[in-house]
Amino acid sequence: MHSKSEFERVTKLVKIEWQRFDMERVEDFKRSLEAFLEGMIGRQKELIGAWEEYQSLLLQRSGTNVSSNTATGDVDTSTISSAA
């Protein structure tokens, strides 16, 4: 009888530990995914800024009058000639 109760005790302990491990694994995955996505969003924001700077530089070099709203991406292109 002692071995049966010991087996049941160990089985219960293993199940509890497995549940704890599984919850930690899920939480760790969530944290890793969140950190990855935040990094990707940050890099995309940097890339957007670089493209906006590049666009501004090109428009300045072409002599275009630019009135830009970076929040919406609207650009006044009324002075851009179609022959450019």
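## Terms and model

A residue is called buried under 20% relative accessible area, exposed over 50%, and partly exposed in between. The structure described here is a predicted model. Its mean pLDDT is 85, and 76% of the residues in the chain reach 70 or more.

Helix 1 has the highest mean, at 96, while strand 1, covering residues 68–69, has the lowest, at 54.

## Overall layout

The chain contains one helix and two strands. Read from the N terminus, these elements follow the order α-β-β.

Of the 84 residues in the chain, 2% are buried. The accessible surface amounts to about 7700 Å², and carbon and sulfur atoms account for 59% of that surface.

## Helix 1

Helix 1 takes in residues 2–61, a run of 60 residues. From the first C-alpha to the last, helix 1 spans 88 Å, close to the 88 Å expected at 1.5 Å a residue.

Just after helix 1 comes G63, a residue with a positive phi of about 75°.

## A nonpolar surface patch

Five residues make up a nonpolar patch on the surface: F29, L33, F36, L37 and M40. Together they have about 490 Å² of accessible area.

One of these residues, F29, is located in helix 1. F29 counts as exposed because its relative accessibility is 55%, and the cut-off for exposed is over 50%.

## Salt bridges around R20

The structure holds six salt bridges. One of them joins R20 to E24, with 2.8 Å between the closest N and O atoms. Both residues belong to helix 1 and sit four residues apart, about one turn of the helix.

R20 has a relative accessible area of 40%, so R20 is partly exposed. E24 is likewise described as partly exposed, with a value of 43%.

D22 pairs with R25 in another salt bridge, where the closest N and O atoms are 2.4 Å apart. D22 and R25 are separated by about one helical turn because they stand three residues apart in helix 1. D22 is partly exposed, with a relative accessibility of 27%. For R25 the relative accessible area is 46%, so R25 is partly exposed.

A salt bridge also connects R31 with D28, and here the closest N and O atoms lie 3.8 Å apart. That distance falls within the 4 Å cut-off for a salt bridge. R31 and D28 are three residues apart in helix 1, which means that about one helical turn separates them. R31 is exposed, at a relative accessible area of 51%. D28, in contrast, is partly exposed, at 42%.

## Summary

Helix 1 includes F29, which is part of the nonpolar surface patch. Helix 1 also carries R20 and E24, D22 and R25, and R31 and D28. Confidence is highest in helix 1 and lowest in strand 1.

How values were computed: Residues numbered from 1 in each chain as written. Predicted model: local features only at pLDDT ≥ 70, side-chain atom pairs only at ≥ 80, totals over all residues. Heavy atoms only, no water. Buried < 20%, exposed > 50% of the residue type's maximum accessible area, 1.4 Å probe, protein only. Areas by Shrake-Rupley, 256 points an atom, 1.4 Å probe, with all protein chains shown as cover. Expected span 1.5 Å × (residues − 1). pLDDT = per-residue confidence, 0-100. Patch = residues over 30% accessible without salt bridge, like charges linked within 9 Å, V, L, I, M, F, W, Y side chains within 5 Å. Salt bridge = Lys/Arg side-chain N within 4 Å of Asp/Glu carboxyl O.
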